[in-house]
Amino acid sequence: MSSASAGEVAATSYLAHHFESLEKQQHAARLGMWVFLATEVLLFAALFAGYSVYRYLFHEAFVESSRGLQTWIGLVNTIVLVTSSFTVAMGLDRAGRGDGKGTRALFFVSVLLALLFLFFKYIEYSHHFETGELPGRFYRGEIAGSGPRLFFTLYFMITGLHGIHVIVGATILVVIGVRAGAGAYTPEYHVPVELAGLYWHLVDLIWIFVFPLIYLI
Amino acid sequence: MNPSSASDLLYNPRNYLNSPETGLRSWLLTLDHKRIGVMFLVGTTISFFIGGVFALLIRIELLTPGPTIMSAMTYNRMFTLHGIVMIFLFMIPAIPSGFGNFLLPIMLGAKDVAFPRLNLLSFYLYLTGAAVALYGMIQGGTDTGWTFYTPYSTTTVTKVVPVLLGAFILGFSSILTGLNFIVTTHTMRAPGMTWSRLPLFVWSIYATSIIQILATPVLGMTLLLVAFEHAFGWGVFDPARGGDPVLFQHFFWFYSHPAVYIMVLPAMAVISEVVCAMAHKNMFGYKAVAYSSLGIAFVGFFTWGHHLFTSGQSAMTGGIFGVLSMLVGIFTAIKVFNWTATLYKGSIAFKTPFAYFIGFLFFLVFGGMTGIALATVSLDIHWQDTYFVVAHFHFIMVGATVMAFLAALHYWLPKITGRMYPEGWGLVAAVMIVLGFNFTFIPQFLLGNSGMPRRYYQYAERFWPLNVASTAGASVLAIGLLIVLVYTLLALKWGPLAGPNPWRSRGFEWDTPSPPPPENFEVTPVITHGPHEYEEPYPDLPATAAPEPKHV
Amino acid sequence: MAERGSVAMEEHERVGHHSHVGRYVVVWAALLVLTLATWALSRLHLPGGWAIFVALLIASSKGALVALFFMHLWDQTGANRLVFMTSLVFVALLILIVLSDNSTRFRLANPPGSEGALPFAPTDYSMGAAKEPGPSTGQGAPLPR
């Protein structure tokens with residue numbers, strides 16, 4: 001009974017003036033996030049379409065360029081991101097039980113995993129700079145033709161854009177994690193935790209496709 | 001119009017214009033969708049003016065076959081800026097972000113859009129994008145045409161990067177507005193507002209928003225790739241590095257062809273409202289019109305390749321795109337027939353919005369039919385990149401969209417400002433605009449058909465007479481638009497008070513006082529009937545009764 | 001209020017307070033297994049188009065697991081599912097049509113030096129699939145710088 005009334009109090013303070021109920025507001029927030037994720041998917045779609053075309057047109061060069069990549073980094077990074085997605089999902093579960101501190105801890109684990117991901121990315125990028133495997137006119141690698149130039153343009157565009165999303169997503173996780181730890185959310189209202197999680201899962205989802213396409217040709 | 005309105009309701013004293021407070025600060029930081037809508041309208045109108053000036057300069061330059069008033073380079077910049085300003089700064093945001101913002105929540109019976117802060121952000125992204133693009137224009141402009149075709153756009157010496165970034169930012173403004181409208185339509189409808197009771201304006205704006213959401217990100221990415229290629233030389237479109245310039249055209253038109261429907265669907269939204277109100281009749285075939293909006297949005301995505309018929313696209317893809325493009329004609333025809341059927345036995349009030357509806361109908365059918373012709377691959381090879389194409393898309397974009405914009409301006413001016421425009425001047429201007437428009441662009445059809453290419457600085461002497469005719473028409477069109485601008489501005493201050501419902505329209509937006517109060521409705525309305533219901537006896541003298549007769 | 005209130009309500013109920021820990025663990029394990037599987041299969045160098053087919057199949061199942069269970073699409077109501085599915089349809093549309101253009105093009109229209117373009121010594125001007133343009137590939141064509 002008392003918990004229900006506490007929920008009522010929380011509900012009124014979270015409710016924006018133009019919504020009539022908290023359920024409706026959360027429904028709107030969720031739908032808004034899904035629509036936003038759809039735009040993110042289509043943002044990457046152009047890059048993946050470009051990748052498909054040039055992979056088709058320069059198949060040999062793409063295979064050869066991909067062999068030059070360190071597959072183990074891609075593999076480890078996939079495992080890292082998948083695991084971070086798992087911890088974020090667990091964090092949401094904690095939030096659903098009103099355990100803000102648990103959410104914070106699990107989100108921070110995810111952020112650490114994200115930093116690990118970026119660290120591996122850094123190793124990889126610096127290796128590319130050493131060997132001259134750079135996009136477009138900066139390519140100084142060994143493979144002849146325009147294929148590898150296009151491959152590395154797409155490689156840097158896709159992983160770079162994805163990397164930016166990792167940074168943004170990790171920042172969101174920090175902010176929401178800190179707020180959850182400070183007790184900002186209740187079992188009835190923790191939609192920000194859910195939305196932060198959705199964003200992070202999308203970052204993971206895109207990497208799941210990047211990994212085989214870039215590393216496992 | 002409404003002689004027996006109670007004087008205290010002739011002009012709602014506590015409205016969004018003066019409450020909760022006035023002053024520049026309260027406008028710039030407002031979260032009220034009506035104020036944001038009005039700010040968008042002001043911004044887009046200024047852009048329309050700038051774009052119109054560019055258009056006139058182009059027409060003056062083309063008055064003689066040789067150089068007239070500017071150099072070839074200036075001319076190239078001029079038509080590029082005309083295209084960019086008109087499309088990205090005026091036509092895409094004007095009706096959805098301007099009128100849509102103002103009307104959509106009111107029509108749904110909501111207090112605001114779902115995400116008011118995002119809505120304001122959308123406006124500031126619009127301003128930022130406009131400012132960045134303007135910076136590019138001042139820094140020397142760009143000469144690629146608004147289509148930014150590679151490889152020219154990645155090698156030109158003009159300042160293409162700021163303009164690209166401006167368009168990129170404007171895209172995000174468009175995305176946020178679309179996102180807001182989709183969520184608002186799904187979640188903010190008043191009790192009783194079922195999907196089959198949505199006004200047709202909402203249906204069309206909803207369809208527009210879907211396109212904005214799905215297509216705009218692809219354009220954003222594409223423009224970014226071009227900017228990277230121009231700035232750092234590592235793009236993917238440069239044929240010198242194995243890139244495929246036709247791929248750019250695919251990406252560009254994957255957005256920009258649906259973007260035509262971002263411009264036209266809102267125009268259809270306006271017209272569906274205007275035609276019912278002016279004919280005082282229920283919409284003929286409500287469901288067909290509603291679903292055809294979604295149909296256009298869907299099919300619009302399958303047609304982009306008809307811009308690439310002569311670009312090296314494969315013959316098979318070209319053929320498929322040609323056939324698919326014609327499907328748009330089916331859905332458009334459904335709408336045209338239903339609007340026309342709505343007029344049948346209606347009691348038509350031939351006011352200014354109706355005059356623009358007539359213009360709209362003619363231009364849409366004419367522009368649409370030439371579009372079907374252009375979608376035929378073999379014919380397009382003859383017409384591609386001639387003035388025939390220019391005339392065709394101006395019939396749709398200026399003809400249909402600007403007519404609808406003007407119809408909306410006149411129809412909803414009493415709603416937005418509480419004041420009326422001068423009807424006599426309105427009709428005079430409408431006649432000038434419709435006739436001037438025809439005089440501008442019908443000669444261009446003829447020019448294109450006899451082979452005058454678009455975007456050329458000089459032309460053969462045999463094209464001279466028709467070009468003079470076109471420029472003359474453009475001047476009439478410009479004077480008509482100026483008259484509209486002048487009397488609208490005057491009406492803001494001195495126009496007669498319009499009363500709550502000067503058109504006796506049954507649209508839901510007229511159920512609130514004019515101008516609407518800041519929270520739209522004192523009590524959340526309960527919707528008990530469909531939109532555009534003229535069948536049931538009209539509650540006479542709506543103003544003397546309760547201001548919101550439908551509300552509990 | 002009535003019908004839409006219930007949409008929001010229903011969603012609230014479904015996404016709400018259930019414990020999903022067990023489900024998360026299973027999905028996580030499955031994702032790890034599939035990741036290792038796709039890596040191992042890539043070592044086998046499957047012939048022809050099978051490698052990419054298998055890789056994309058595994059990636060899609062992983063993506064489906066993430067979307068359905070981590071992102072709770074499984075528990076969502078209609079609109080949210082529809083939004084995401086629609087975006088995927090349009091991704092497929094863009095990729096497939098663009099690809100079908102490049103693969104059926106008149107060969108002179110594909111970028112020089114690519115496998116879709118003419119081989120170095122042009123003999124075949126026919127339109128149609130440029131699947132196997134001959135021995136010459138990227139390396140054979142004249143190159144910029």
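Helix α14(B) is mostly covered, with 30 of its 31 residues buried. This is a predicted model, in which local features need pLDDT of at least 70, side-chain atom pairs count only at pLDDT 80 or more, and totals for chains, interfaces and linings use all residues. Residues are numbered from 1 along each chain as its sequence is written, while chains are lettered from A and ligands numbered from 1 in the order in which they are written.

**View 1. A bent helix in chain B.** Here you can follow α14, residues 387-417 of chain B, to a bend of about 45° at Tyr411(B). The bend is the angle between axes fitted to the seven residues ending at a residue and the seven starting there. After the helix comes Gly418(B), with a positive phi near 80°. As for the word used above, a residue is buried if 20 or more other C-beta atoms, placed from the backbone, lie within 10 Å of its own, exposed if 12 or fewer do, and partly exposed in between. Helices (H or I, at least four residues) and strands (E, at least two) are DSSP runs, numbered from the N terminus.

**View 2. Two helices of chain C side by side.** The axes of α2(C) and α3(C) come within 10 Å and cross at roughly 170°, which makes α2(C) roughly antiparallel to α3(C). Axes are lines fitted to C-alpha atoms, for helices over the stretch in contact, with angles from 0 to 180 degrees between N-to-C directions; over 145 degrees counts as roughly antiparallel. On the α2(C) side, look for residues including Val27(C), Leu31(C) and Leu34(C). Among their partners on α3(C) are Val54(C), Ile58(C) and Leu65(C). The contact of these two helices has 13 nonpolar, three polar and two charged residues. Two residues are in contact if their C-beta atoms, placed from the backbone, lie within 7 Å. Ala, Val, Leu, Ile, Met, Phe, Trp, Tyr, Cys and Pro count as nonpolar, Asp, Glu, Lys and Arg as charged, and the others, Gly among them, as polar.

**View 3. Where chain C meets chain A.** In this view, 51 residues of chain C are in contact with 46 residues of chain A. Helices α1 (2-15), α2 (21-44), α3 (50-70) and α4 (78-104) of chain C each supply at least two residues to the side that touches chain A. α4(C) gives the most, with 15 residues. By class, this side of chain C has 28 nonpolar, 20 polar and three charged residues.

**View 4. Where chain B meets chain C.** Here 22 residues of chain B are in contact with 22 residues of chain C. The elements of chain B that give two or more residues to this side are α8 (200-232), α9 (245-279) and α11 (315-343). α9(B) gives the most, with four residues. The side of chain B that touches chain C divides into eleven nonpolar, eight polar and three charged residues.

View 5. Chain A has seven helices and zero strands, and its C-alpha trace spans about 75 × 30 × 25 Å along its principal axes. Of its 217 residues, 57% count as buried. Chain C has four helices and zero strands, and 31% of its 145 residues count as buried. Among contacts between residues at least 6 apart in sequence, 75% in chain A join residues at least 24 apart; for chain C the value is 43%.

Notes: Parallel < 35°, antiparallel > 145°, perpendicular 65-115°, else oblique.
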